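Subject: Structure for you to look at

Hello,

Here is the structure I said I would pass on. Please open it first, and then read my notes below.

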Amino acid sequence: ETGEVAATPADNGAEYLSPVTIGGQKLNLNFDTGSSDLWVFSTALTSAEIGQHSAFNPSKSSTYKELDGYSFSLSYGDGSGAAGVVGTDTVDIGGATVTRQAIELATSVSSAFVSDADSDGLVGLAFSTLNSVSPTPQKTFFDNIMSELAQPVFTASLDLDGSGTYEFGTIDSSKFTGDLEFTPVNAASGFWQFDSSCYSIGGKTYNRTNATPAIADTGTSLLLLDPEVVQAYYSQVPSANYDSTVGGYTYDCSENLPDFAVAVGDNYMANIPGSGITFSPVDSKTCFGGIQSNSGSDVQIFGDALLKHHFVVFHGESNLLGMAAK
Ligand SMILES: CC1CCN(C(=N)N)CC1
């Protein structure tokens, strides 16, 4: 069995959304390798909260089964969150189907999710140990389907314009160039976590002794690195400075930015060409960089700003992360 879905850009240009069919109802969900809950907008929310979203209606699904007394409550790194009840239903992602997938129906969502009209919820693709369902944590879609897949993998090939594809069960060699380099993942963290102890700016490589580990996170838009690395990069950009009003480093859009690369394990340097560093315009002449600080937290977050320049393989049986150029 395999499944492939196209990702399409959200209006906010900051996330990749893919169609998922749950109990025959289609929703556009954000595939998030940085969390482990599959939750959706539900008809239990107010019409003000639902707005333009597609909301899952359990009473319209002939295969939905409530998990009596189960609940979930999530809060993400950025302060957004959702909470609600739990059931199981048939979930189909591009033809890959799990019949008894735990789905988490939001009865409350934070304002950030209400205002993000494009995303009807999330598909968590980190490890099931991080699942928030009480009293019994539930398995992710990938965990449930892995044994049915032709290969126990899923891949992300995200494009610069917010489109791209997620595939389950196969590694499509037409989607990358050169060698796929695999790196051991520390699954004990619950994330797709690995070491990253060197980086390069404009082709000059720097080794680090105290680098914090990194995670591959399709649910984060930016590349959030240890402060010393971010300061080193923007010290090479004359007009760059930290602008607290936008909460990050900005610079003149006319700058000729240096290339940047960061290590994924010991044998892959993930490069971003200088032309691919900018995340968004701030105004007619100022740009906001895709490289930003993790504020000294204990993890570096390799989000879409980096991943969209590469082909990424998440190997669930061997706990490996594969990276290739494309
Ligand atoms: C470590 C954090 C990374 C961002 N998150 C996420 N993609 N859901 C939350 C966890």
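The residues lining the largest cavity divide into 5 nonpolar, 2 polar and 1 charged. They are Ser196, Cys198, Tyr199, Arg208, Leu225, Val229, Val262 and Gln300. The volume of this largest cavity is about 40 Å³, and the structure holds 1 cavity of 30 Å³ or more. Please keep in mind that this is a predicted model.

Now the chain as a whole. The secondary structure of the protein chain comes to 5 helices and 26 strands. The radius of gyration of the chain is 20 Å, close to the 20 Å that the globule rule gives for 326 residues, so the chain is as compact as a globular protein of that length. Along the principal axes, the C-alpha trace spans about 60 × 40 × 35 Å. Of the 326 residues, 55% count as buried. Among contacts with a separation of 6 or more, 66% come from residues 24 or more positions apart.

The largest pocket holds about 990 Å³ of space. Its lining has 35 residues, and those nearest the centre are Tyr76, Gly77, Asp78, Gly219 and Thr220. The elements that give two or more residues to this lining are β3 (25-32), β5 (65-75) and α2 (111-115). By class, the lining of the largest pocket has 14 nonpolar, 14 polar and 7 charged residues.

The second largest pocket has about 180 Å³ of space. It is lined by 17 residues, of which Gly13, Tyr16, Leu160, Phe279 and Lys308 are the closest to its centre. Here β21 (278-281) and α5 (304-307) are the elements that give two or more residues to the lining. That lining divides into 7 nonpolar, 5 polar and 5 charged residues.

Last, the charged pairs. Side chains of opposite charge can pair when their charged atoms come close. How many salt bridges are there? The count comes to 7.

Arg208, which also lines the largest cavity, takes part in two of the pairs I looked at. One partner is Asp226, with the closest N and O atoms 2.8 Å apart. This pair links distant parts of the chain: Asp226 is in the loop between β16 (223-225) and α4 (227-234), while Arg208 is in the loop between β14 (204-207) and β15 (214-216), 18 residues apart. Both Asp226 and Arg208 are buried.

The other partner of Arg208 is Glu228, and there the closest N and O atoms are 3.3 Å apart. This pair also links distant parts of the chain, since Glu228 lies in helix α4, 20 residues from Arg208. Are the two residues of this pair buried or partly exposed? Arg208 has a relative accessible area of 10%, so Arg208 counts as buried. Glu228 has 38%, so Glu228 counts as partly exposed.

Elsewhere, Glu167 and Lys175 meet through their side chains in a salt bridge of 3.2 Å, N to O. Glu167 counts as buried because its relative accessibility is 5%. Both residues belong to a network of salt bridges that links Glu4, Glu167, Asp172 and Lys175.

Regards

Technical notes: Residues numbered from 1 in each chain as written. Predicted model: local features only at pLDDT ≥ 70, side-chain atom pairs only at ≥ 80, totals over all residues. Heavy atoms only, no water. Salt bridge = Lys/Arg side-chain N within 4 Å of Asp/Glu carboxyl O. Buried < 20%, exposed > 50% of the residue type's maximum accessible area, 1.4 Å probe, protein only. Helix = DSSP H or I, 4+ residues; strand = E, 2+ residues; numbered from the N terminus. 1 Å grid on protein atoms, 1.4 Å probe; cavity = no way out; pocket = protein on both sides within 12 Å on 5 of 7 lines; lining within 4 Å. Points joined across faces, edges and corners; volume = space filled by probe spheres on them. Nonpolar A, V, L, I, M, F, W, Y, C, P; charged D, E, K, R; others polar. Rg over C-alpha atoms; globule rule 2.2 N^0.38 Å. Contact = heavy atoms within 4.5 Å.
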